[in-house]
Amino acid sequence: MPVVKKKDELNYDFGNNLYSEKIFDDYKPENIPSRMFEAIKVSKDQLTFKLIDKNQRDTMSLVHGEIREYFNKQYFEIIWTYSKIRQRGFLTYLFELLIKDFGYEILSDKYHTCPGSKEFWQSLIRKNKFQVLRINLNSKKRHTRKANKCKENTIWGLADSDFLHDINNYGNFLESNPQDVLNEDYIDELLDSIDKSNDLQLGGIETSFNYKPLINNVSKEHIRLIARLSN
């Protein structure tokens with residue numbers, strides 16, 4: 001589950017150093033409309049994207065990432081994002097540019113801010129502008145689920161006080177759906193929240209796979225979100 005940080009915990013010098021020496025070209029979008037008040041700038045390596053105010057020349061929004069491969073598939077993995085003004089659609093527009101003009105599938109970074117990127121990804125899930133999937137990078141094989149079908153605590157984590165409550169919920173689910181004990185997709189989902197090798201009973205049903213309790217709200221940086229074109 002992505003580590004959720006407060007916005008004031010970010011190292012802005014680190015972010016600026018990622019792209020401060022890059023050369024940018026003007027870019028005219030091909031598959032989405034141009035913006036009236038902002039120009040698009042794209043770095044030569046096509047890894048940093050900016051929206052620049054046409055009059056003031058301020059950076060209104062920015063996305064920086066790296067091309068990385070998981071499960072023999074390449075993703076544009078987010079390293080840094082910035083928006084000068086929240087809830088103006090700047091970042092959504094840049095995501096649309098990356099997906100529709102550059103053909104990227106965008107992979108969320110392991111750090112989310114709150115307020116900030118966590119709420120942004122939640123809005124993407126709600127709006128259905130793109131297909132948003134949840135993926136576990138530590139799985140043995142690529143397995144994704146639609147993010148809008150996942151409980152929030154399987155993406156951003158469990159509160160300590162909710163731990164026993166959620167364990168009981170898993171037990172009740174298994175008791176009502178014993179066939180899912182042997183369903184590999186469900187086991188992958190369950191293992192995302194569990195971190196201790198043990199044999200135990202949930203709801204009276206014995207299970208013998210690795211059970212990993214999330215006792216102290218341990219972050220799961222390998223749980224990510226993917227934004228891509230809707231099918």
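**Reading the labels on this model**

User: Why does phenylalanine 71 count as partly exposed?

Analyst: Its relative accessibility is 25%. Buried would need a value under 20% and exposed one over 50%, so phenylalanine 71 falls in between and counts as partly exposed. Please keep in mind that this is a predicted model. Phenylalanine 71 is found in the loop between strand E5 (59-70) and strand E6 (73-83).

User: Is serine 139 buried or exposed, and how do you know?

Analyst: Buried: its relative accessibility is 13%, and the cut-off is under 20%. Serine 139 is in the loop between E9 and strand E10 (144-146). From serine 139 to isoleucine 223 it is 84 residues in sequence and 9.9 Å in space, C-alpha to C-alpha.

User: Why is strand E13 (residues 223-228) described as largely enclosed?

Analyst: Six of its six residues are buried, so the rest of the structure largely encloses E13. Both faces are covered by that label: Ile223, Leu225 and Ala227 point one way, Arg224, Ile226 and Arg228 point the other, and all are buried.

User: What makes strand E9 (residues 131-136) a partner of E13?

Analyst: Two strands pair if there are at least two bridges between them. E9 and E13 have six, in the antiparallel sense, with glutamine 131 opposite arginine 228. Strand E7 (residues 106-107) meets the cut-off too, pairing with E13 in the antiparallel sense over two bridges. There, isoleucine 106 stands opposite alanine 227.

User: How do you know that helix H2 (residues 90-100) is mostly covered?

Analyst: Of its 11 residues, 10 are buried, among them Phe90, Tyr93 and Glu96. H2 packs on helix H3 (residues 117-127) at an angle of about 60°, with the axes 11 Å apart, and the crossing is right-handed. In this contact Leu91, Thr92 and Phe95 of H2 meet Phe120, Trp121 and Leu124 of H3. By class, that makes five nonpolar residues, one polar and no charged.

User: Which aromatic pair does phenylalanine 49 form with phenylalanine 102, and what makes it so?

Analyst: The structure holds 10 aromatic pairs. In this one, the ring centres are 5.0 Å apart and the planes are at 75°. The cut-offs are within 6.5 Å for a pair and over 60 degrees for edge-to-face, so the pair is edge-to-face. It links distant parts of the chain, 53 residues apart: phenylalanine 49 in strand E4 (residues 48-53) and phenylalanine 102 in the loop between H2 and E7. Both residues are buried.

User: Why is the pair of phenylalanine 102 and tyrosine 104 called stacked?

Analyst: Their planes are at 15° and their centres 6.2 Å apart. Stacked asks for planes under 30 degrees apart, so the pair is stacked. Phenylalanine 102 and tyrosine 104 are both buried.

Terms used
Residues are numbered from 1 along each chain as its sequence is written. This is a predicted model: local features need pLDDT of at least 70, side-chain atom pairs count only at pLDDT 80 or more; totals for chains, interfaces and linings use all residues. Side-chain values use heavy atoms; hydrogens and water are left out. Buried means under 20% relative accessible area, exposed over 50%, partly exposed in between (1.4 Å probe, protein chains only). Helices (H or I, at least four residues) and strands (E, at least two) are DSSP runs, numbered from the N terminus. Axes are lines fitted to C-alpha atoms, for helices over the stretch in contact, and angles run from 0 to 180 degrees between N-to-C directions. A crossing is left-handed if the near helix is turned anticlockwise from the far one by less than a right angle, and right-handed if clockwise. Contact means heavy atoms within 4.5 Å. Ala, Val, Leu, Ile, Met, Phe, Trp, Tyr, Cys and Pro count as nonpolar, Asp, Glu, Lys and Arg as charged, and the others, Gly among them, as polar. Rings of Phe, Tyr and Trp (its six-membered ring) pair if their centres lie within 6.5 Å; planes under 30 degrees apart count as stacked, over 60 as edge-to-face and the rest as tilted.
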